[in-house]
Amino acid sequence: MLTIRSQFTNHFNYNAALVVKSPGRINLIGEHIDYNHGFVLPAAIDNFIEVAIGKRSDGVIHMVALDLGETIILPIDNLRPHATAWVNYIIGVVDQVFNKSHSANNNFIGTQNTLTNTEITIAVNDTNLSGGFSICIQGNIPLGAGLSSSAAVECAVLFALNELYNLSLTKMQMALMAQNAEHKFAGVNCGLMDMFASLHGQKNKAILLDCDSLAFTYYPLALNDYSIVLFDTQIKHALASSEYNTRRLECEQGLKIIQEKYPTVKTFRDISLEQVEDCLASSINSTNEMKEDKLQDKTTKDNTIKVYQRCKYVVEEIKRVQLAVQDLATGDMQAFGKKMFETHKGLSKLYEVSCHELDFLVEAVSNNENVLGARMMGGGFGGCTINIIKKTAVEEIAKELAATYKKQMHIELAIYITSIEDGTHLVA
Ligand code: GLA
């Protein structure tokens with residue numbers, strides 16, 4: 001098989017200046033709390049996106065997606081969201097770099113939670129960037145499986161531009177820029193976790209990211225007799241991104257209600273379960289008094305219940321991750337796994353981002369003594385479950401699960417046994 005370098009040369013008749021690899025990610029625990037100022041525990045995996053890049057002088061970005069056999073050429077000086085999804089992940093980060101001076105931050109949308117400590121300002125001095133570049137891209141991260149292939153593309157391209165044009169960006173700046181690109185060009189108001197993990201991954205280590213201060217700590221992932229196995233539902237729900245954005249808004253709404261009564265509360269980090277009950281459960285009781293036959297009252301009541309459920313989950317999950325990290329540090333993987341099941345329950349029943357197929361896969365392994373923990377992973381509504389399974393039992397469990405999944409859902413289960421690898425890097 002031809003290397004990406006040779007394919008670049010074949011397409012463009014000159015040699016690539018450099019090649020970059022950027023991995024997908026898993027997340028052990030801490031789901032849907034990166035944008036709620038919680039903690040997440042992701043790691044980079046052995047599936048990756050690879051880009052080969054070289055400068056041009058005619059002012060265009062010439063992009064070739066090798067796996068898809070698609071080519072798109074766009075002028076670099078007028079970048080706007082494009083109809084082709086993969087193109088947006090490339091031009092989205094170019095837009096971030098090309099806006100000569102701009103700031104990126106990790107704010108909540110529409111609230112006053114300004115994280116001044118995470119604001120960055122980037123000044124791109126190298127006007128050569130306006131000459132454009134050629135890029136070939138390929139990868140083996142399953143698309144739509146919740147393994148962050150889009151973040152891996154953004155990080156690979158940004159890392160490559162950083163090298164090519166000596167931009168002197170730190171990995172954290174790149175992560176924040178990639179996050180902004182996703183908001184602006186893909187329309188998903190995602191948190192920072194995916195980009196952060198792709199860039200900062202380290203072999204055999206999970207990373208605890210404090211999504212408030214952006215401080216992070218590496219934890220050796222000593223799984224010994226256990227493996228991390230992903231079961232892919234093969235479900236790719238079209239509604240996922242709009243529901244994702246709705247969850248963010250519901251959380252913001254809940255936070256505001258709590259802040260009205262408890263003005264010292266800045267983020268979900270400061271909120272106790274008692275405060276959630278006090279402010280949000282009581283408003284459900286008051287909406288109960290509304291007349292059931294009024295449609296608008298019903299809608300308000302439904303929304304109030306949802307906001308309560310979302311906030312309850314977020315506060316519980318923030319606490320759960322902190323405890324799970326202690327389990328990891330003491331090597332109590334049994335306790336860690338139990339928390340993964342609890343997270344799944346919260347995501348399914350309170351946060352409502354699971355789906356029938358994900359619930360089925362978690363339920364099917366929940367009483368298996370060789371499975372320490374299982375839960376849906378990532379944004380939800382499809383994608384993968386993450387499981388910690390005894391190495392000697394993986395083959396049998398996977399075989400049985402694939403058979404029952406096929407029988408019940410009429411879908412082939414995809415199975416990935418992951419290894420934890422380094423983050424974005426140059427390929428020699
Ligand atoms: C997606 C987003 C992340 C994070 C997860 C859920 O992967 O891109 O920022 O919110 O969902 O934890």
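**A buried isoleucine**

Mentor: Start here: Ile-258 is buried, at a relative accessible area of 0%. Keep in mind that this is a predicted model.

Trainee: Why does Ile-258 count as buried?
Mentor: The cut-off for buried is under 20% relative accessible area. Ile-258 falls under that cut-off, so the residue counts as buried, with a relative accessible area of 0%.

Trainee: In which helix is the place of Ile-258?
Mentor: Look for the helix that spans residues 240-261. Ile-258 has its place there, in helix H6.

Trainee: How far apart in space are Ile-258 and Cys-279, C-alpha to C-alpha?
Mentor: In sequence, Ile-258 and Cys-279 are 21 residues apart. From C-alpha to C-alpha, the two are apart by 5.8 Å.

**The open sheet**

Trainee: In what order do the three strands of the open sheet lie?
Mentor: The pairing is antiparallel. The edge strands are S2 (39-40) and S10 (216-220), each pairing on one side only. The order is S2-S9-S10.

Trainee: How many bridges join S9 to S10?
Mentor: S9 covers residues 205-210 and runs antiparallel to S10. Ala-206 stands opposite Tyr-219, and Lys-205 stands opposite Pro-220. The number of bridges joining S9 to S10 is five.

Trainee: What is the bridge partner of Val-40 in S9?
Mentor: S2 and S9 pair in the antiparallel sense over two bridges. In S9, the bridge partner of Val-40 is Leu-209.

Trainee: Which residue takes a positive phi in the hairpin of S9 and S10?
Mentor: The hairpin has five residues between the strands. A positive phi near 65° belongs to Leu-214.

Trainee: Why is S9 largely enclosed by the rest of the structure?
Mentor: S9 has six residues. It is largely enclosed because the number of them that are buried is five.

**Rings and a charge**

Trainee: Is the aromatic pair of Phe-216 and Tyr-218 stacked or edge-to-face?
Mentor: Phe-12 and Tyr-14 are tilted, at 6.4 Å centre to centre and 55° between the planes. Phe-216 and Tyr-218 lie 5.9 Å centre to centre, with 85° between the planes. Planes over 60 degrees apart fall in one class, so this pair is edge-to-face.

Trainee: Which of these counts as buried or partly exposed: Phe-12?
Mentor: Tyr-14 has 28% relative accessibility and counts as partly exposed. Phe-216 at 31% is partly exposed, and Tyr-218 at 26% is partly exposed. Phe-12 has 10% relative accessibility. The cut-off is under 20%, so Phe-12 counts as buried.

Trainee: Which residues do ring pairs link into a cluster?
Mentor: The pair of Phe-12 and Tyr-14 has already come up. Ring pairs link these two with a further ring, and the cluster is Phe-8, Phe-12 and Tyr-14.

Trainee: How far is Lys-21 from the ring centre of Phe-48?
Mentor: Lys-21 lies over the face of Phe-48. From the ring centre, Lys-21 is at 4.0 Å.

**The largest pocket**

Trainee: What volume does the largest pocket have?
Mentor: The largest pocket is lined by 50 residues. Nearest its centre lie Tyr-89, Gly-144, Ser-148, Ser-149 and Ser-150. The volume of the largest pocket is about 1,200 Å³.

Trainee: Which element gives the most to the lining of the largest pocket?
Mentor: Elements giving two or more residues include helix H2 (85-98), strand S8 (132-139) and H6. The most is four residues, and they come from H3.

Trainee: How many residues of H5 are buried?
Mentor: H5 is another element that gives two or more residues to the lining. Its buried residues include Met-193, Phe-196 and His-200. H5 is mostly covered, and of its eight residues the number buried is eight.

**The whole chain**

Trainee: What share of the residues in the chain is buried?
Mentor: The chain has 11 helices and 15 strands. It has 428 residues, and the buried share is 58%.

Notes. Residues are numbered from 1 along each chain as its sequence is written. This is a predicted model: local features need pLDDT of at least 70, side-chain atom pairs count only at pLDDT 80 or more; totals for chains, interfaces and linings use all residues. Side-chain values use heavy atoms; hydrogens and water are left out. Buried means under 20% relative accessible area, exposed over 50%, partly exposed in between (1.4 Å probe, protein chains only). Two strands pair if DSSP finds at least two bridges between them. Rings of Phe, Tyr and Trp (its six-membered ring) pair if their centres lie within 6.5 Å; planes under 30 degrees apart count as stacked, over 60 as edge-to-face and the rest as tilted. A charge sits over a ring if NZ of Lys or CZ of Arg is within 6 Å of the ring centre and within 35 degrees of the ring normal. On a 1 Å grid over the protein atoms alone, a cavity is a set of points where a 1.4 Å probe fits but cannot get out, and a pocket is an open set with protein on both sides within 12 Å along at least five of seven lines; lining residues have an atom within 4 Å of a point. Grid points are joined across faces, edges and corners, and a volume is the space filled by probe spheres set on the points.
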